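Here's a quick briefing to read alongside the model. Have the viewer open and follow along.

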Amino acid sequence: MSASHESCAEYYHEDTKYDRKTIHRFQSLDFSSKPAPFKDYQTDNPISLMPYLPFNFIPFTRTPLPEPPPQPPYPWGLAELSQLLFFSYGVTAIIDSPRTEQTFLRAAPSAGGLYPAEVYLATRDLPFISDGIFHYNGKDHTLATLYEGDFWPRLSAWAFDHPSFEESHAALILSGYFDRSAWRYGERGYRRILLDTGHLLGNIVLMSYQTGFVPYPLSGFNDQAINSFLFLGDQKEVVLVVVPLVRLQDAKDNSLSLPFFPSPVAFPYHPPEKPETGDIFRDLHRFSSLGSQPPAVVNTSGRENERIPGEDFGSRFTPLSEPIPLETDFPEFENQIPRALLTRRSGRQFSGEPLDFSQLSTILSFSYREIDVPDSSGTLPVQHFFQPELFKSWLIVNQVTGLASGIYLFDPRGGHVTLLKEGNFQEEIYEAVLSQDLGRDASFVLIQTADLESLVVQFGDRVYRTLHMDAGQIGERINLAAVHLGLGASGIGGFYDDEVTDLLGLSHQTAVLYITTVGALPG
């Protein structure tokens, strides 16, 4: 597609690529203008969720937890909401420094520790909390009341009446706060916001099951209506995902399908003559928004034998081996998710030691698979990703016992990897990720890419959101699987885009979404 026919998503992605000639043009950071990491709503009676945590002490201060007040009889209550929110996005550690203000680390990772996501809670017909809309403050682990009243019919209508709203009494709303990431990453910050929101969503999905819920992450909703309702507008903060929470016993077949709504396709995109930082990604978000009448639902699930946009692009390398199946005998550790979330930290350094093929198999299998919900007739598969089949996954294997070093294509559906180019590419990936040692010392590196040009033609600019949030959710699962295995993992959102595609034998028009490194930790 020529530049004159680019969509806004294509223009934005090309415009925010890093390369060696332009990366040094970024201005030094002005710490006096750094946005606050927490959004603080002033309220007279915040709802404290601290007493309901499953600890005797607050983990990072060792302050004893107060006794929880009595709750009205009901199958679930504030304890479940408290644990879901804390282990998804609560503060899990505080770092003191004599020179700077305290640093609050949260259950979900964030590029540069900027935490651009915000979490809101909507409730209806619950005996322990008013009907209304609340904001979650992770620093204090409290809920601030924004509205009281029954807004469920409106929320359901804005989410195009997805069936999960009929059975749900609580829903989470995830937003992205533009300036937090743009302050450090400029125009490319929108990529980081989407990836970070995906990481948070990964926690919410896993913790929902820990607390007795089935989550339904909805990427399709009336953007303007829900943003206006929360007084967000579309310049500083925008809603990215709506997640109704249905109790396990209330989940029904008709709620299992997650609709995929494309945005209208608009070509070509004409950028501002002299754009300020954030102008392009605000345009992209606006072009990818839906109104009160969404386009027809697109469902690509179950189309294994049909062509899906993005499936026919590929590397110039040809397979050197038959597909190598992943090992299927791996440990289940879903019941240890809270512990992993509490101890998870992004890897800062790897030892360079090899991993076993079984460890690689465990990490990849857990990170891409759907979760089966128990049902009277067995299990019901529930989709928690948006459309992960729209992007491809590649491996750079540096040191994995039982697997030759080289470049592989990973097929999550088939559960196998295929060798495309044998050799040691540690220095190449090290250079491509801005000379970060993590790339060279990792045992393996996962790279996710998409044929953005063909995807936008069918799904519109909104596909840019879902591609990155899916990649982020998978990245979070990789983090947690690595923690469980005693390994390290770290997502990398900064890289020389075209050098990565060159390494994989792909066209420069291929969009690199995310890179995740996994390796052994120093002894």
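Glu-14 counts as partly exposed because its relative accessibility is 41% (buried means under 20% relative accessible area, exposed over 50%, partly exposed in between, with a 1.4 Å probe and protein chains only). Glu-14 pairs up with Lys-17 in a salt bridge, with the closest N and O atoms 3.0 Å apart (the term covers a side-chain nitrogen of Lys or Arg within 4 Å of a carboxyl oxygen of Asp or Glu). Lys-17, at 11% relative accessibility, counts as buried.

A word on ground rules: this is a predicted model, where local features need pLDDT of at least 70 and side-chain atom pairs count only at pLDDT 80 or more, while totals for chains, interfaces and linings use all residues. Residues are numbered from 1 along each chain as its sequence is written, and side-chain values use heavy atoms, with hydrogens and water left out.

**Salt bridges**

- The structure holds 15 salt bridges.
- Glu-431 reaches Arg-20 in one of them, again with the closest N and O atoms 3.0 Å apart.
- Glu-431 sits in helix 11 (residues 426–432) and Arg-20 in the loop between helix 1 and strand 1 (47–48), so this pair ties together parts that are 411 residues apart in sequence. Helices and strands here are DSSP runs numbered from the N terminus (H or I with at least four residues for helices, E with at least two for strands).
- Arg-286 and Asp-283 are 3 residues apart in helix 8, so about one helical turn separates them. In general, an α-helix has 3.6 residues a turn, so residues three or four places apart point the same way.
- Arg-286 is partly exposed at 46% relative accessibility, whereas Asp-283 is buried, with a relative accessible area of 13%.
- Shared partners join Glu-14, Lys-17 and Asp-498 into one salt-bridge network.

**Helix 1 and what it packs on**

- Helix 1 (residues 8–15) packs with helix 8 (residues 279–287) at an angle of about 155°, and their axes are 9 Å apart. The axes are lines fitted to C-alpha atoms, for helices over the stretch in contact, and angles run from 0 to 180 degrees between N-to-C directions.
- Helix 1 and helix 8 are therefore roughly antiparallel (under 35 degrees is roughly parallel, over 145 roughly antiparallel, 65 to 115 roughly perpendicular and the rest oblique).
- The crossing of helix 1 past helix 8 is left-handed (the near helix is turned anticlockwise from the far one by less than a right angle; clockwise would be right-handed).
- On the helix 1 side, Cys-8, Ala-9, Tyr-11, Tyr-12 and Asp-15 meet Ile-280, Phe-281, Asp-283, Leu-284 and Phe-287 of helix 8 (contact means heavy atoms within 4.5 Å).
- By class, that contact has 8 nonpolar, no polar and 2 charged residues (Ala, Val, Leu, Ile, Met, Phe, Trp, Tyr, Cys and Pro count as nonpolar, Asp, Glu, Lys and Arg as charged, and the others, Gly among them, as polar).
- Cys-8, Ala-9, Glu-10, Tyr-12 and His-13 are the buried residues of helix 1.
- Those buried residues pack against helix 6 (189–210), helix 8, helix 13 (452–459), helix 14, helix 15 (497–504) and strand 20 (511–519).

**Helix 10 and helix 14**

- Helix 10 (residues 357–368) and helix 14 (residues 463–484) have axes 8 Å apart and pack at an angle of about 140°. That makes helix 10 oblique to helix 14.
- Here helix 10 passes helix 14 in a right-handed crossing.
- Ile-363, Phe-366, Ser-367 and Tyr-368 of helix 10 touch Ile-474, Arg-477, Ile-478, Ala-481 and Ala-482 of helix 14.
- The class count for this contact is 7 nonpolar, 1 polar and 1 charged.

**Two loop residues**

- Ser-219 lies in the loop between strand 8 (213–215) and helix 7 (223–229), and counts as buried at 5% relative accessibility.
- Neighbours within four places in sequence aside, Ser-219 is in contact with Pro-259, Phe-260, Phe-386, Arg-462 and Thr-466.
- Leu-320 is in the loop between helix 8 and strand 10 (324–325), and is exposed, with a relative accessible area of 52%.
- Setting aside neighbours within four places in sequence, Leu-320 is in contact with Leu-419, Leu-420, Lys-421 and Glu-422.
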